[in-house]
Amino acid sequence: MQDEKYWREKLTPEQYHICREKGTERAFTGEYCDTKEEGAYLCRCCGEALFESNTKYDSGSGWPSFYQPKTSDAVEEEHDRSHGMTRVEVLCKACGAHLGHVFEDGPAPTGLRYCINSASLELAKREDSDG
């Protein structure tokens, strides 16, 4: 497991605050909020593949939203009772980075909305096979 000094050197101050201190970015400001490019969304901290672009949708929430993780063991969930609310926090299973929260108001087929901070993600774009 990496120490905090490592994360402070690897991440920008905003990424560190969100990923390691469980912060959040302001709605509609994240790099991937409106992205439609194809590829895999990786954990900003460790590079683990977390979500695929074909499960991303526009939830209107202001954060990138996905209806399911790439695999069932890519993320883990914990109850979050901060800020006077009860929510389900989503973390990278590989490194423990805070990603966002999951809600039960998403589309079919899962009915889930993984509401994820752009600062917690890095898009590995799918290469165009025609080029």
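Here is a walk through the structure, stop by stop, with something to select at each one.

Before you click anything, note that this is a predicted model, where local features need pLDDT of at least 70, side-chain atom pairs count only at pLDDT 80 or more, and totals for chains, interfaces and linings use all residues. Residues are numbered from 1 along each chain as its sequence is written, and side-chain values use heavy atoms, with hydrogens and water left out.

**Stop 1: the open sheet**

Select β2, β1 and β9 and colour them by strand. Helices (H or I, at least four residues) and strands (E, at least two) are DSSP runs, numbered from the N terminus. These three strands form an open sheet in the order β2-β1-β9, with antiparallel pairing; strands pair if DSSP finds at least two bridges between them. β2 and β9 (121–125) stand at the edges with a single partner strand each, so one side of each has no neighbour in the sheet. On average, neighbouring strands here are turned by 30° against each other, direction ignored. That angle is taken between axes, which are lines fitted to C-alpha atoms (for helices over the stretch in contact), with angles running from 0 to 180 degrees between N-to-C directions.

Now zoom in on β1 and β2, which pair in the antiparallel sense over three bridges. Show A40 and you'll find its bridge partner in β2, E52; for L42, the partner in β2 is A49. The hairpin has five residues between the strands, and G47 there takes a positive phi near 85°.

**Stop 2: E52**

Stay in strand β2 and select E52. Is E52 buried or exposed? With a relative accessible area of 15%, E52 is buried. The cut-offs: buried means under 20% relative accessible area, exposed over 50%, partly exposed in between (1.4 Å probe, protein chains only).

Draw a distance from the E52 side chain to the side chain of R126: there's a polar contact at 2.6 Å. A polar contact is a pair of N or O atoms within 3.5 Å; within protein, one must be able to donate a hydrogen and the other to accept it, and residues adjacent in sequence count only if both atoms are side-chain atoms. Leaving out residues up to four places away in sequence, E52 touches G39, A40, Y41, F66, K70 and R126, where contact means heavy atoms within 4.5 Å.

**Stop 3: the aromatics**

How many aromatic pairs does the structure hold? It holds five. For the criteria, rings of Phe, Tyr and Trp (its six-membered ring) pair if their centres lie within 6.5 Å; planes under 30 degrees apart count as stacked, over 60 as edge-to-face and the rest as tilted.

Y41 and F66 make an edge-to-face pair, 5.1 Å centre to centre with 70° between the planes. Y41 sits in strand β1 (residues 39–43) and F66 in strand β4 (residues 65–66), 25 residues apart, so to speak a link between distant parts of the chain. Both Y41 and F66 are buried.

Next, show F51 and Y114. Their ring centres are 5.8 Å apart and their planes at 55°, so this pair is tilted. It also links distant parts of the chain, with F51 in strand β2 (residues 49–52) and Y114 in strand β8 (residues 113–116), 63 residues apart. F51 counts as buried at 0% relative accessibility, and Y114 is buried at 5%.

**Stop 4: C115**

Step along strand β8 to C115. UniProt lists C115 for "active site" in an unreviewed entry; UniProt positions are given in the numbering used here, feature names are shortened, and annotations may be inferred rather than shown by experiment. C115 is buried, with a relative accessible area of 9%. Not counting residues up to four places away in sequence, C115 touches S61, W63, P64, S65, L99, G100, H101 and F103.

**Stop 5**

Select C43, C46, C92 and C95, where UniProt places the feature "binding site" (unreviewed entry). They span 53 residues in sequence, yet no two of their C-alpha atoms are more than 8.8 Å apart, so they gather at one spot. C46 lies in the loop between β1 and β2 and is partly exposed, at 36% relative accessible area. Beyond residues up to four places away in sequence, C46 touches C92, A94 and C95. C95 itself is in the loop between β6 (87–92) and β7 (98–103), and is buried at 6%.

**Last stop: helix α2**

Finish with residues 13–21, helix α2, where Q15, Y16, I18, C19 and R20 are buried. Just after α2, look for K22, with a positive phi of about 60°.
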